[in-house]
Protein chains: 2
Amino acid sequence: MTSFRSVRLAKRPTGLPSADTWSIDTQELPELAPGEFAIAIEQISLDPAMRGWLDDRPSYLPPVEIGAIMRAGSLGKIMESKNSRFPVGSQVVGNFGATEIAISNGQGARIFNPELAPASTFLGALGMTGMTAYFGFFELGKPRAGDVVVVSAAAGAVGSIVGQLAKINGCTVIGIAGGKEKCDYVTKELGFDLCLDYKQDTSMRKQLGEALKQLGAKGVDIYFDNVGGEILNANLAYLSFGARVVICGAISQYNATEITPGPSNYMNLLVKRASMKGFLVFDYESEFSVAQRRIGTWLAQGKITAPETIISGDITEFPATLNRLFSGDNIGKLTLKIN
Amino acid sequence: MTSFRSVRLAKRPTGLPSADTWSIDTQELPELAPGEFAIAIEQISLDPAMRGWLDDRPSYLPPVEIGAIMRAGSLGKIMESKNSRFPVGSQVVGNFGATEIAISNGQGARIFNPELAPASTFLGALGMTGMTAYFGFFELGKPRAGDVVVVSAAAGAVGSIVGQLAKINGCTVIGIAGGKEKCDYVTKELGFDLCLDYKQDTSMRKQLGEALKQLGAKGVDIYFDNVGGEILNANLAYLSFGARVVICGAISQYNATEITPGPSNYMNLLVKRASMKGFLVFDYESEFSVAQRRIGTWLAQGKITAPETIISGDITEFPATLNRLFSGDNIGKLTLKIN
């Protein structure tokens, strides 16, 4: 018999997840039913949205149930199979969870070719991260060359790609990130025009106003928001006419234990005839293959750099790795590589 | 010589406008230049947006300058003219200000036929009020028969028309208004399906949840917001998938002297793939005539009732009449009829 460990939700967290949020259990791999296959998980995606899945409230997906294996995008190699479409030895990516071995019936699973790009890319730029950046930016942002685009969490998994998509499309791009190291990375490695450091003493509102003046820009045409809070509010203050605010995430608020204030400058949506809109990447599933082909080409051409932070460890490192997302220390896509 | 009085902005108000906000001056009617005409003002529109025009901050229109005649939509009869397109005796409506006599060069002025509808209708349902309701509802709300539409300030000038447009288009309509009298008016006279009283002890969030349950509705498809604050926030909590939030006004906040919190439930825009969008009626000027024809037909057919509160008085009543908007006592379009 083969045994494997999984990370399960033990207790819903208040604020940042802590040790008692999780339990690690060991089980034996059961006999596969017809149509099923087993995957030896090699890499697990860590995403800010995971925090929302831990709360027991209605959202776009049901909350992870107490005692269930933590929901996570992950990839690995098929080690056993009773499904002819998913043969042993194939590399697959899907929503397999935070576990050493996953059993799948193929739903949502996709075989990928690791010779086309490093495997982790299929969780990142060619996975949900890249799809989120692509559809949020193009479908909701509706960019035109010359637009001024502001991206928060600019050194993060999604933000880093959004800014580069904007540059490819002839936009001027201002990133917002925490700390000089990240800001330097965003401008020097990712090619953003400017990057504002939200950890500086100067308020984001003031910094943004000065950045726009420096660029000779009238305002923000697209604000791609990954963080919420004061940074969203500062951007609302500088909208251009007809601006598009894309609500992708609100990492500044995910661990809040009290109700956080909404963006008080929202009335500028009226003054500037602007829109603020949310989206979920799943809605664009039928178009993923087109987006993957385009991003794949840009990666191959060197027009997009997909930064990654890969933590090597065993499955017990999952809880600590998840919390790295909220400390703001990582650059790019964060994954746990199971060793 | 003919002399006339005007209401001028004397001092920018903090909070609700007060006696020292305004001055009334008297001047002589000067000789008209070629192309000009003079209007004896008969009726002046009072609109919540006026409060915003008194603040010295960037907005969609420049602030009213200190010492200038208060900006206002108004109508009257041409008493003198050096413009052949605007002959003496014609009834005209335009942005003529809070004054007994206005001089115009014809820009933004429009001759109307008082036999088609009572003159005040050209400030209300066939004027900016009706245009705001029409374009906000159709262009941003994008209604489909069967949609659940919530309208705040439902007994107000714009809200009362929005709800009736929604009924004409086969929607289910929930109004929100203050007090039993207004709520009764909204359901019995205007034909809304339900009206929630925000002055009740029960929170708007709870009331709205119960109303939706009573209607067997999954959520709010269109929320037409005239008030902002907690009522906006309650609606954000109940958005249906793909819901449209139309930001028309925020009367609950116009006289606020401190920064008011934004809507903390805005993240539901993401969960529900919804949009929140602002608009200005001026953007649709080229389509006004179509909208006026359609609303005019519905008025004539009795499908739309355009409630009005008309205050009779002289020009010195303007300041007190304006403040009635913020006490929430009026039903429908508020105008000052100069006697």
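**View 1. Pairing of I247(B) with β13(B) in the predicted model.** The bridge partner of I247(B) in β13(B) is G278(B). This model is predicted. Strand β12 of chain B, residues 239–247, is joined to β13(B) by four bridges. The two strands β12(B) and β13(B) run parallel.

**View 2. The two faces of β13(B).** β13(B) is covered on both faces. S275(B) and K277(B) lie on one side and are buried.

**View 3. Strand pairing between the chains.** β13(A) is joined by three bridges to strand β13 of chain B, which comprises residues 275–278. This pair of strands runs antiparallel. Within the pairing, S275(A) stands opposite K277(B), and K277(A) stands opposite S275(B).

**View 4. The side of chain A that touches chain B.** Contacts between the chains involve 26 residues of chain A and 25 residues of chain B. On the chain A side, the elements that contribute two or more residues are α7 (268–271) and β13 (275–278). Of the elements of chain A, β13(A) gives the most to this side, with four residues. By residue class, the side of chain A that touches chain B comprises 15 nonpolar, seven polar and four charged residues.

Terms used:
Residues are numbered from 1 along each chain as its sequence is written. Chains are lettered from A and ligands numbered from 1 in the order in which they are written. This is a predicted model: local features need pLDDT of at least 70, side-chain atom pairs count only at pLDDT 80 or more; totals for chains, interfaces and linings use all residues. Two residues are in contact if their C-beta atoms, placed from the backbone, lie within 7 Å. Ala, Val, Leu, Ile, Met, Phe, Trp, Tyr, Cys and Pro count as nonpolar, Asp, Glu, Lys and Arg as charged, and the others, Gly among them, as polar. Two strands pair if DSSP finds at least two bridges between them. A residue is buried if 20 or more other C-beta atoms lie within 10 Å of its own, exposed if 12 or fewer, and partly exposed in between; C-beta atoms are placed from the backbone.
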